[in-house]
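Morning, everyone. Let me put the structure on the screen, and then I'll walk you through the fold and the charged side chains.

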Amino acid sequence: LEIKKTASGKQILLELDEKTLENLKEGASVAVNGVCLTTTKIDGCAVYFDLIEESLAKTNLGKCKTGDSLNIERALKLGDEIGGHLLSGHIFKTVPFLKYNEE
């Protein structure tokens, strides 16, 4: 993860492995720490995303720093098996994390 400030927010650069990069194109949606982002540039293994101030303020991406590890999820293809939660939309609220019970 590499981050730099831009006029409208921040740009993040992620280095992705070949399997994750497979068929990824500029303009594609990728979930980064659960936040749907659009690829703005792909240069080899480097993938760039632009984040506006609202996204930085409403998600944990605003607290990320260079070198942090992030969760990455590619978009599903029509016909893929869907398990877990099916969600549509964008982040509208944040809530405090109160407790982690390690049982």
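**Fold and charges**

Along the sequence, the protein chain reads β-β-α-β-β-β-α-β. That comes to 2 helices and 6 strands. Keep in mind that this is a predicted model. The protein chain has 103 residues, and 24% of them count as buried.

Now the charges. How many salt bridges are there? The count comes to 2.

Take helix 2 to begin with, residues 53-58. Glu 54 and Lys 58 both sit in this helix. They are 4 residues apart, about one turn of the helix. Their side chains meet in a salt bridge, at 4.0 Å from N to O. The cut-off for a salt bridge is within 4 Å, so please read that distance with the cut-off in mind.

Next, the salt bridge between Asp 68 and Lys 65. Here the closest N and O atoms are 3.6 Å apart. Asp 68 is partly exposed, with a relative accessible area of 25%. Lys 65 comes out at 53% relative accessibility, so Lys 65 counts as exposed. The cut-off for exposed is over 50%.

Which residues form the positive patch? Lys 19, Lys 25, Arg 74 and Lys 77. Look at Lys 19 on the screen. Lys 19 lies in helix 1, residues 18-21. Lys 19 is exposed, with a relative accessible area of 70%. A patch residue needs over 30% relative accessible area and no salt bridge. With 70%, Lys 19 is therefore over the area cut-off.

Last stop, a buried polar residue. Gln 11 is in strand 2, which covers residues 9-15. Gln 11 has 16% relative accessibility, and buried means under 20%, so Gln 11 counts as buried. What does the side chain of Gln 11 contact? The side chain of Asp 50, through a polar contact of 3.4 Å.

To recap. We have a β-β-α-β-β-β-α-β pattern. There are 2 salt bridges, and Glu 54 with Lys 58 is one of them. There is a positive patch that includes Lys 19. And there is a buried glutamine, Gln 11, in polar contact with Asp 50.

That's it from me. Over to you.

Technical notes:
Residues are numbered from 1 along each chain as its sequence is written. This is a predicted model: local features need pLDDT of at least 70, side-chain atom pairs count only at pLDDT 80 or more; totals for chains, interfaces and linings use all residues. Side-chain values use heavy atoms; hydrogens and water are left out. Patches are made of residues with over 30% relative accessible area and no salt bridge: like charges are joined within 9 Å, nonpolar side chains (Val, Leu, Ile, Met, Phe, Trp, Tyr) within 5 Å. Accessible areas come from the Shrake-Rupley method with a 1.4 Å probe; for residues, only the protein chains shown count as cover. Lys and Arg count as positive and Asp and Glu as negative; His and the chain ends are not counted. The place of a charge is taken as NZ of Lys, CZ of Arg, CG of Asp or CD of Glu. Buried means under 20% relative accessible area, exposed over 50%, partly exposed in between (1.4 Å probe, protein chains only). A polar contact is a pair of N or O atoms within 3.5 Å; within protein, one must be able to donate a hydrogen and the other to accept it, and residues adjacent in sequence count only if both atoms are side-chain atoms.
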